[in-house]
Amino acid sequence: MGVGGTLEYLSDLVGSSHNRHNKKKQLQTVELKVRMDCDGCERKVKNALSSLSGVKSVEINRKQQKVTVAGYVDANKVLKKAKSTGKKAEIWPYVPYSLVSQPYIAQAYDKKAPSGYVRNVEHTVTTASVTKYEDPYSNMFSDDNPNACSIM
């Protein structure tokens, strides 16, 4: 390892204790549902979210009420900043219906969802009871004795 490698190793050890508090944020995309009615609302939300540090781009789809923020940001800070504009905001609750195992249950269906989307209910806990349905005709025949039939 040599002297140069040892000095580099020691400087990394000393420097890492100082940088422990400065965690690097990863590049991510945050999608929000924000209630916007007009161009003024759209501009207000875009300006507020663009002022956050680490934001690379802000895309707004007013028809779907969807705001997409890309950059080195924290989702909770983006949500808080969007709410500070006075608009109703939440994390984007919809996923394509092909990704949900049961898209037609009452919890997933939402009239306000964009076309082809349903609410993401995979993370919510449902208290549904499962009832076992037995076909009455399958019990008439026995697999143990295939020559016997209970119909006769």
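**View 1. Glutamine 65 and the residues around it.** In this predicted model, glutamine 65 is in contact (heavy atoms within 4.5 Å) with Leu32, Lys33, Val34, Arg35, Met36 and Trp92, leaving aside its neighbours within four places in sequence. Is glutamine 65 buried or exposed? Glutamine 65 counts as buried because its relative accessibility is 16%; buried means under 20% relative accessible area and exposed over 50%, with partly exposed in between (1.4 Å probe, protein chains only).

**View 2. The hairpin of S2 and S3.** Glutamine 65 sits in the loop between strand S2 (55–61) and strand S3 (66–71). Strands (E, at least two residues) and helices (H or I, at least four) are DSSP runs, numbered from the N terminus. The hairpin has four residues between S2 and S3, and glutamine 65 in the turn has a positive phi of about 60 degrees. S2 and S3 pair (DSSP finds at least two bridges) in the antiparallel sense over six bridges, and asparagine 61 has lysine 66 as its bridge partner in S3.

**View 3. Strand S3 and its other partner.** S3 and S1 run antiparallel and are joined by six bridges. Look for leucine 32, whose bridge partner in S3 is valine 67. Lys66, Thr68 and Ala70 point one way from S3, while Val67, Val69 and Gly71 point the other way, and all are buried.

**Notes on the model.** Residues are numbered from 1 along each chain as its sequence is written. Local features need pLDDT of at least 70 and side-chain atom pairs count only at pLDDT 80 or more, while totals for chains, interfaces and linings use all residues, and side-chain values use heavy atoms, with hydrogens and water left out.
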